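Could you walk me through this structure as if I were seeing it for the first time? I would like to hear about its domains, its sheets and its aromatic residues.

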Amino acid sequence: MKISMNWLNDYLTKKIDAQEVEKKFNLMSQEVEGRYSLVDAKGLVIGHVNSCVQHDNADKLKVCQVDVGNEILQIICGAPNVDANQKVIVALPGAVLPGNFKIKKAKIRGVVSNGMICSLDELGVQDFEKKETGIYVLNDSAPIGKDPLQYMGLDDEVIDLDLTANRPDLLSMRGIAYDVKAMFDIDISFDKPKVKRVKEKRELSIFTETEDAPVYYGQIIENVKIKESPYWLKSRLLAAGIRPISNIVDITNYVMLEYSQPLHAFDFNKVNSNKILVRKAKENEKITTLDEVERELLSTDIVITNGVKPIALAGVMGGAETEVSDSTNTILLESAVFDPVSIRKTSKRLALKSEASSRYEKGINHELTKEALDRACELFVELADASIVDEPSFYNQLEVNYQDFELSLDKLNKVTGHTFEIDEVKAILKRLDFDYKEKNAIFNITVPARRLGFESYQDIIEEIVRIYGYDKIGMSLPKTPTEGKLSKKQQFKRNIRNFFSHIGFYETSTYSLTNQFLATKYDVTETSLVKIMNPINTDREYLRHSVIPALTEVLSYNHARKMENIFLYELGKRYTQEAETELISGLMKGDFLYSLWQKQAVEVDFYLLKGIIEKLFIDLKISDFDFVVPENPIPNLHPGISANVLIKGKHIGWIGKLHPEEEKELNVKNVFVFEFELEKIYSAYNENVKQYEPINKYPSVSRDIAVVVDKLIPAKDLYETVKNISNQSLIAIDIFDVYQGEHLDSQLKSIAMSFKFENKEKTLSNDEVDLMVKRILNALEEKHNAKLRQ
Amino acid sequence: MQEKINQLVDEAVNEIESIENLNDLMLLKSKYLGKKSEFNQFMRELKNLSNEEKPKVGQMINLAKNKINNHIQEKKEAIEKAKINEQLAQETVDISLPGKKISLGKKHILTQTIEEIEDIFIGLGYQIKEGPEQEEDKYNFEMLNLPKNHPARDMQDSLYISEDTLLRTHTSPVQVRTLLENEKKEPVKIIAPGTVYRKDDDDQTHSHQFKQVEVLVVDKETSLADLKGTLLIAAKKLFGEEREIRLRPSYFPFTEPSVEVDVSCYQCHGKGCSMCKNTGWIEVLGAGMVNNNVLEACGYDPHEFQGFAIGFGVERIAMLKHGIDDIRQLYTNDLRFNSQF
C-alpha cells in the first residue's frame, strides 16, 4: 500500500512529517519498503508563453518569451506543441529535475535560454495524460509564478508499506489514518459523504442465490459525462500507484483506496435488464472479461448476472459486454461484499489478481458498503455532472457480530512479562479506537469492524504492545528447568561429520530434489519413488534415493575448474514413500597426500577407501564389520573393485570405484565412492565404557612366511584358515607382500604374511612358535593347496 | 725415571693432539696404555726398586697414565662431537620448502552455523528435535493456524506430494509434533534444525531448498520478556557481544504477537552503512508468542500454558556473518568456497 502524505494529512488535525510516519510504521505497525517524493524536482514555476517565434538558426527550435510572474524569461523550446498563450511548467535556471539533471542558463545556437519548458515525462511523471506529445500544457486557471507541482497536487511524498496478511485495514487511506492516530496519539476527522438524490423511481431489483455474496448495493447513475479527472484526483491515484483512466474508473478506484471497498461500474444500457441476480456460476458457463479473454467458470465462482447470463466475475473482473465506454450515459454502480475464500479461489485459478480481488480476499469492512457507494455518488455529481437517481437497490444478509474479547491486566502482564498500569492500557485502547469496559482490572474490548481477523485476546495484546513499544518491554529468560544436550544419535552424527572433516573430506550441501534418472541411478533394489505434484521443473521433480549423483556433479564442477584432489561427503537422505533413511555418502578422487617437489603422492585407491572406512568403524568402537564381494553388481560401480559392507553380518552399504563407463561420462578417472545407511551404523555403535585390558609383560615373537596359492583365492580366506586353527597366542596377522609375475606360474600368486605371537603367562620359546607356524602352513596347504615359497 | 715418565707423557699428549680419527686414537691408546706399552714396562720394573721408592714411582706412573687417559678421553669426545656436527650440517634441510599436502576437509558452513546455534541453545538448556521433510499438510499448516485457503498460505508456495502431504515449508511442524508427542503435557523447551522447501526459482536471494532452526518454549509463565532475553543472548553469541536487538511488529499465523527481529549492524555499529541500508539495523529472523490455536490443537490448555517460538533462517545468518552475497553459493559446493570456512 502506497500512502500519499497529502491525502493522509487531509484526515489529520495536525500535519505530520513523512519521515516520522516512516519511523513509526516501522517500529509500531508495518514495514516501510520505501519513502520518496512523487516528483523528484525542484525549482519549477508556472509560466505563461507570451510569444513564441521561430529560432533564426534552427528549424526545430522556438524562442519563447515566458511570463513567470516576477519577470519575463526568454526560453528556447524544441517541443512541437509549444505555442503562444499556453500555461506551461518552467524549470528555472538552478532547477533540478529527476536524475539530478540541473538546469542552467545557456546559449542555444547563439540565442540565450533562461531555463526549460518541461514535459511531464521530464519530471518523471508517467500516465498523467493519455498521450503526451511534447511539453505539458496546464489548464487556463493555473496561477502564473506559482509552484506547478503544488497546483497539480504532485507535490506529494509517498510511503510504500509492505503489508502483512493480518492488516487488510491498511489497504484503505482511512484505515491508515486510524493507525496513524494510534501511533502518533493525534486526532483524525472524516467527512460524511453528502449525496443529492433525484427522487424518481427506477425499476431495479437485486437478489441472490448464494451465501457467498452477503451484501450487494446497486445504484443507477444517469447523465454521466465521461471526461478526464481533475489534477488532484489523478495525482492521488498516481501516488497510490494506480493509472488514471477516466473520471468513472478514477472515481471507483479513488473510493476503493479511501475505504478499501471495491466498486464496479456497469454500462447500465448494456446490462439489458432491470434484474441483477448474484449467484454461483454454472459448470462450464462462460464469460468474456474486460481483458477480452473468454473464461470458463466453475460452480465455485460467484457471478453477477442480468438474470440470464453473467455480466461480471464477482470481485475479480468485470465483463467485456457491460464495460463502460466513451458513449456510456447511465451506469449501474456496484458496492458489494463477497466471500474471501471464494474470491481467492477464483482469482488464483484464473491467475487474475486485481486491487479489488486482493481486498476481497483479505476481507473488507462490512460497515462501509453503503458509505463508500455514497462517497462515489458524491464524486460522480462533482466530477461527472451526473444525476444520482433514487436510492440504491440492495440486499443485506449480513448479521454483523462485533468481536468482543476479555483481557485481564494480569494476563497481559503474565504474557508480556511486563508490568502495565491500568491507565496505560486504557490510554492505548483509546488511541486504537477500541471500545472497552473495565471492571476490577478486567477489560472487555470490542474490536471495530474495520479490524478483521482477530482470533483471541492475544491479538489485543499485540495491539497494546506495539503501540506501547516493544523496546519498553524488559528482558528475562525462561525459567523452565531443563537439561540441554545432544541426544546419543545427534552426538553420533556430529562424530561422523567430525571424522570425515578431520580426515580430509569436504562436506557438501546439495539438493534433495532431482530428476527421475538421477533419483534412482544407484538403486540396488527397487524402492518407491516420491514425486512432486507441482514441481518447479523436471530436474527438481523427484526426491533422491542416493546422494552419489549429486556428489559426482560436484566432482565434475570442481574438476572442470582445475581441481584435482576432491574428497567429499554428505549426510543426506534416501526418500521413499514409506520412509526417510539417513545416509552417509562420500566420494574420493586424486591424491590424498602429496608432495610435488618430492615427487611423492598417495593416490586414492580401493584400499585407501577401505582403510578409511575401517578406521571409521574402529573409531566408533564397532569391531564386527566385513567387506564382501557383492552377489549382484552395484549399479554404476566397477564390478571387480567394489564391496558390500556388513556390520554384524548385516548389509549397511557399499564402497567401490565408479564403473569405467561412468568415469568416461564424467571425464574423470579413478573415482571412488561409498554410501552407507547411518541408522545401521548407529545401531552397532558401541558407546559402553570400554574395560581396560592389561598390557602383556612378556615379549612377542614375530615370524614371516610366504606361500604360493591360486591367484583367485582371496587373502581373506587364508586369514580365516589361519585364525581358525590358531590359539590365543596368535595376536596379529598382516600381509606385507602380494606378488604375481616372473618366476611364478601365471595362475599363482605369492602372499607374504607376518604373524605375531605372545602369551600372557610366559615368554614363548622358539620351538613353541615354530610348531605353531608349522601347523599354520599345514592348514594352508590342506585347505588352499598353499605351498611355502622357498 | 721421573724425567722419562714426563717425557713420555709429553710425547703422548703431543701425539694425541695431532690425531683426527677414533681408530688412530685407539691405536695410540694401546701404544701408551696397552700391555706392551712403556708404562707397563715401567710397572714391571718397579719390583727392582727399593721399598721406599716403589710407592712413589708407582704413584707417579699412575698419575701419568691417568693424564694420558684423560687426554684420550677428551680427544675422543671432541672427535665424536665433530662427527655429529658434520652429520648435522649434512642433514640440514630447507625448511622453507612446502610441506606435504594433506587433504584438509571442512564441515559445510551451513552445518557449522547450525551447530553454533545448537550449542547456544544447548547451553541454555534446550534439547534438539527433528522431524520428517515429507510432512502432512495437517502438521505443516492446519495445526499451525493455517487452515486451507488461509491467505497467508500464499506466503509459502509449497511443493506437494499428494493432497495431504508436502515437502515441509518450515521447521514449525516439529513444534506440533513435539507438543502432540508430549502425552503428559509437560513444559517443552526445544530447538529443531532441518531442511525445508519452497516452490521458488533459485536466484541470488532465493533457494528452493534451505535450512531453518525452530525454537519453541512452552511453559506456564514463558513471556514476551523471556523471548526478548533469549533473542538478545542468541544475537550476541552469533554476531558479537556488543550487539543489541530491536523487535518490530510482524505477522505469522502460528504466533501472536509476531515480531521481526533486527540486530544492530555489526559493520557500522548502528551508525548506518550499506550493509544495514543506513538504518543501523539488520533484519535477522522472525519470532513471536505461540498462538493459542496452536496450543489448543496440540492439547495444551492456553489458559494454563503460554510460550514463544523463534525461526532462524540458517542461510541468512551464515550469509550475514560471512558476507556471502549469493545464496546459491551455499549449494554449489565449489571447493574454493567450501574450503574457506
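Here is a short tour, from the domains down to single side chains.

This is a predicted model, in which local features need pLDDT of at least 70, side-chain atom pairs count only at pLDDT 80 or more, and totals for chains, interfaces and linings use all residues. Residues are numbered from 1 along each chain as its sequence is written, chains are lettered from A and ligands numbered from 1 in the order in which they are written, and side-chain values use heavy atoms, leaving out hydrogens and water.

**Domains**

Chain A is divided into domain 1 (2-38 + 158-184), domain 2 (42-155), domain 3 (197-396), domain 4 (403-471), domain 5 (488-684) and domain 6 (701-788). Between the C-alpha centres of domain 3 of chain A and domain 5 of chain A there are 62 Å. Chain B has domain 1 (2-91) and domain 2 (109-338), with C-alpha centres 89 Å apart.

Helices (H or I, at least four residues) and strands (E, at least two) are DSSP runs numbered from the N terminus, and two strands pair if DSSP finds at least two bridges between them. Contact means heavy atoms within 4.5 Å; axes are lines fitted to C-alpha atoms, for helices over the stretch in contact, and angles run from 0 to 180 degrees between N-to-C directions.

One open sheet has three strands in the order β1-β12-β2 (chain A), paired antiparallel. Its edge strands, β1 (2-4) and β2 (31-37) of chain A, each pair on one side only. Six bridges connect β2(A) with β12 (residues 157-162) of chain A, and A:Gly34 has A:Asp160 in β12(A) as its bridge partner. Helix α2 (residues 18-28) of chain A packs on this sheet, touching β1, β2 and β12 of chain A, at about 170° to β2(A).

Another open sheet has four strands in the order β41-β42-β40-β43 (chain A), again with antiparallel pairing. β41 (730-739) and β43 (787-788) of chain A have a single partner strand each, so one side of each is left without a neighbour in the sheet. Eight bridges join β41(A) to β42 (residues 748-757) of chain A, and A:Ile735 faces A:Met753 in β42(A). Helix α20 (residues 715-725) of chain A lies across β40 (701-710), β41 and β42 of chain A, at about 150° to β41(A). Helix α21 (residues 766-784) of chain A lies across β40, β42 and β43 of chain A, at about 15° to β40(A).

**Aromatic pairs**

Rings of Phe, Tyr and Trp (its six-membered ring) pair if their centres lie within 6.5 Å; planes under 30 degrees apart count as stacked, over 60 as edge-to-face and the rest as tilted. Over all chains, a search of the whole structure finds 41 aromatic pairs. Two edge-to-face pairs are shown here.

| Pair | Centre to centre | Angle between planes |
|---|---|---|
| A:Tyr151 and A:Tyr231 | 5.7 Å | 75° |
| A:Phe606 and A:Tyr607 | 5.4 Å | 85° |

A:Tyr151 in helix α3 (residues 148-152) of chain A and A:Tyr231 in helix α5 (residues 231-240) of chain A are 80 residues apart, so their pair links distant parts of the chain. Buried means under 20% relative accessible area, exposed over 50%, and partly exposed in between (1.4 Å probe, protein chains only). A:Phe606 is buried at 14%, whereas A:Tyr607 is exposed at 62%.

Terms used:
Domain bounds come from an automatic or database domain assignment.
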